[in-house]
Each structure stands twice: as C-alpha cells, then as structure tokens.
Amino acid sequence: MRLENLVIDAADPQRLGRFWQAVLDSEPLTDEPGIFETRVEFGGGPFLDLCFQHVAEPPSEPPRLHVDLRGGERQAAEVERLLGLGARHLDIGQGDVPWVVLADPEGYPCCVMEERASYADTGPIAALPLDSADPDRDAGFWSWLTGWTDVDGLAPRSLRHESGRGPLLELVPESAPKGAAKNRLHLDVRLEAHEDADEVAARIAERGGRALVTDWGDLPWRSYADPSGNEFCVLPASGVG
C-alpha cells in the first residue's frame, strides 16, 4: 500500500482547490463539478494528491489533521504570499510559537513552519500532523499501512517515505478524543496490484482499526478508522474498478 491522497471536504471545491494549487505550485489533475484535484510531486520520492470534494455541511468539530507548510528562512515572505492568495491569520490559542498559524479560504488551519533540520527535502509540505490517542501505537499502524518509516522530529512519533523525501506524517497527542463527526480532512492509501482487499481489511482489524459502514452508495474504495478513530480510505489498485 502507499499513501496517495489528502482528501478535504469543501463547500466550494474549485475555490479551495485553486487556492491550494497556487500555494503548492502543484499540478492540476481534475476540475469537475463537485471535485477538484491537484498533485504535489516530491522529486525522487512520493507524490500526494490533494482532493477537494463538495460537502455542504459546515464543520462541527476542529480538524484532527492539518497541513504544515515549509517556511524556513523565507517564513515571513511565505506568510505574506499566502495572505495575498486569500489566507488569513488565525488564533487557535497557540500562544508564542515560532510558527505562524493561518486559515485557508474555508477556515481550515495551516501552519507556516520555521527552519527545522527535520524538514530538509520535504518540498512545500513540511508535515501532516494527525491527532492520536496513542502516538506510539498509531505510528506502528500507519507505518504498516503506508510503508513509511520512523524518522526524528519534534512530534512524539514521525514517519516519512523511505526515500527520505516529502512530508512527515506526525502523530501528535490529541487534545480531546475523536468525536462522532467525520473528519473534514482524511488520508487515502492505495493497494498495490498483489494486495487483496479482504486480507488488508482483516489485518487492519488485527492492528486495532475498524471498518466503517457508510451510506454513500456502491463505491470502489473501503472506509476505515484507525485505532484513534481517524477515518481513512483504502483505494483499489490502479487499473482496478
């Protein structure tokens, strides 16, 4: 399996997707009613597709996953660039921290990070921090799920693609247990051709995850929750319906 998508619910997928495409200088993939997709390539490493899907309901809980952008020595200039694209400053109680918290056009928080050695070769996305009830447990789960491996970072546990390029997946202690509302941002992994969906489902359950029952119709992917309740989807292998 490989980590492929960051999926973001949006009231206006085109507006939000074009904002993030400009932020990341990423490649356009899909621009159709109700969905906008753009791809970030990490040279010599993985790629990540940002998929913006239309969901009319406003968020009812704080997001448990967000994007940290690499700022480094150009942090102040990067903040000004994002503000010019439509972001705004956001106070989430962060206090005096070396990073800058912004909100995108639909209010999702993102951070422009200071210089950190652990962010070398990440590209524009420095990290994807994910709330976790048990970072050690969940790091093991996500490492198995994605093939990403442990690296040093400031989070209790951080994972990264084996190439050493692209963003970190950071497992950070949750401020409150996962509520009943669906995550507005979630990750998707894709099966490889030799992997069987039923076998993967059984192994997810063995590792503390669970299958989710949805009412979204007959879809080619399967929905799950990780051991901390965070939703994710398992997509079929490329070329499989």
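User: What should I know before we start?

Analyst: This is a predicted model: local features need pLDDT of at least 70, side-chain atom pairs count only at pLDDT 80 or more, and totals for chains, interfaces and linings use all residues. Residues are numbered from 1 along each chain as its sequence is written, and side-chain values use heavy atoms, with hydrogens and water left out.

User: Is C110 buried or exposed? And C233, buried or exposed?

Analyst: C110 is buried, at a relative accessible area of 0%. C233 is buried too, at 7%. Buried means under 20% relative accessible area, exposed means over 50%, and partly exposed is in between (1.4 Å probe, protein chains only).

User: On to helices. Where is α1, and how far does it reach?

Analyst: α1 covers residues 13-24, which is 12 residues. From first C-alpha to last it reaches 16 Å, close to the 16 Å expected at 1.5 Å a residue. That expected span is 1.5 Å times one less than the number of residues. Helices (H or I, at least four residues) and strands (E, at least two) are DSSP runs, numbered from the N terminus.

User: How many of α1's residues are buried?

Analyst: 9 of the 12, so α1 is mostly covered. Among them are L16, F19, W20 and V23.

User: How does α1 sit against α2?

Analyst: α2 is residues 75-85. The two axes come within 10 Å and cross at roughly 155°. Axes are lines fitted to C-alpha atoms, for helices over the stretch in contact, and angles run from 0 to 180 degrees between N-to-C directions. α1 and α2 are therefore roughly antiparallel. The cut-offs: under 35 degrees is roughly parallel, over 145 roughly antiparallel, 65 to 115 roughly perpendicular, and the rest oblique.

User: Which residues meet there?

Analyst: F19, A22 and V23 from α1, with E78, R81, L82 and L85 from α2. Contact means heavy atoms within 4.5 Å. F19 and V23 are also on the buried list for α1.

User: What about α3 and α4, at what angle do they pack?

Analyst: About 170°, with the axes 11 Å apart. α3 is residues 135-146 and α4 is residues 197-206. That angle makes α3 roughly antiparallel to α4. F141, W144 and L145 of α3 make the contact with V200, R203 and I204 of α4.

User: Which α3 residues are buried?

Analyst: P135, D138, A139, F141, W142, W144, L145 and T146. α3 has 12 residues and reaches 16 Å, close to the expected 16 Å.

User: Which residue takes a positive phi just after α1?

Analyst: D25, at about 50°. Most residues other than glycine have a negative phi. D25 is in the loop between α1 and β2 (27-32). D25 is exposed, at 69% relative accessible area.

User: And what is the phi of D121?

Analyst: About 65°, positive although D121 is not a glycine. D121 is in the loop between β8 (109-113) and β9. At 44%, D121 is partly exposed.

User: Switching to strands. Where is L128?

Analyst: In β9, residues 125-132. L128 is buried at 0%. Leaving out residues up to four places away in sequence, L128 touches L6, L48, L65, H66, V67, L168, L169, E170 and L187. L171 is 43 residues from L128 along the chain, with their C-alpha atoms separated by 8.7 Å.

User: Last one. Which strand holds Y224?

Analyst: β15, residues 222-225. Y224 is buried at 3%. Beyond four places in sequence, its contacts include A197, A201 and I204. I204 is also one of the α4 residues that meet α3.
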